[in-house]
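Please open the structure in your viewer and keep the sequence beside it, so that each selection can be made in turn. The tour moves from one selection to the next and says what is to be found there.

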Amino acid sequence: MYAVIKTGGKQYRVASGDKIKVEQIAADIGQEITFDQVLALGNGGDLKVGVPLVSGATVKATVVAHGKHEKVRIFKLRRRKHYQKHQGHRQQFTELQIGAIAG
């Protein structure tokens with residue numbers, strides 16, 4: 001069984017036992033989180049799509065870790081103008097272990 005959930009402005013296809021990295025969630029390590037914004041549920045060939053959400057469907061996940069992604073380097077250059085700008089960014093994430101999918 002799998003589900004499509006929405007968190008942090010993005011959508012993720014998850015199944016029981018998966019580990020995913022999502023936008024940072026304010027939760028402690030080991031804490032259980034329940035996602036109620038389930039957009040679709042699938043079981044083999046059977047698919048239930050919500051309008052916009054599947055009513056009564058939930059996905060439980062456990063927080064495994066918090067961290068930062070790899071650095072994205074930004075370099076801006078204007079030719080012949082002697083303008084250069086270096087910048088970097090590391091986005092924070094929360095790693096989740098998907099548990100039960102109910103729906």
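Begin by selecting Thr7, which belongs to strand E1, the run of residues 2-7; keep in mind, as you look around, that this is a predicted model. Is Thr7 buried or exposed? Its relative accessibility is 13%, and because buried means under 20%, Thr7 counts as buried. Now show the residues around Thr7: once neighbours within four places in sequence are set aside, Thr7 is in contact with Tyr12, Val22, Ile25 and Phe35.

Next, select strand E5, residues 38-43, together with strand E6, residues 46-49. These two strands run antiparallel, and four bridges join them.

Pro52 has a relative accessible area of 62%, and since exposed means over 50%, Pro52 is exposed. Which residues does Pro52 touch, when those up to four places away in sequence are not counted? They are Val38 and Leu39. To finish, draw a line between the C-alpha atoms of Pro52 and Leu39: the two residues are 13 apart in sequence, while in space these atoms are 6.4 Å apart.

How values were computed: Residues numbered from 1 in each chain as written. Predicted model: local features only at pLDDT ≥ 70, side-chain atom pairs only at ≥ 80, totals over all residues. Heavy atoms only, no water. Buried < 20%, exposed > 50% of the residue type's maximum accessible area, 1.4 Å probe, protein only. Contact = heavy atoms within 4.5 Å. Pairing = 2+ DSSP bridges.
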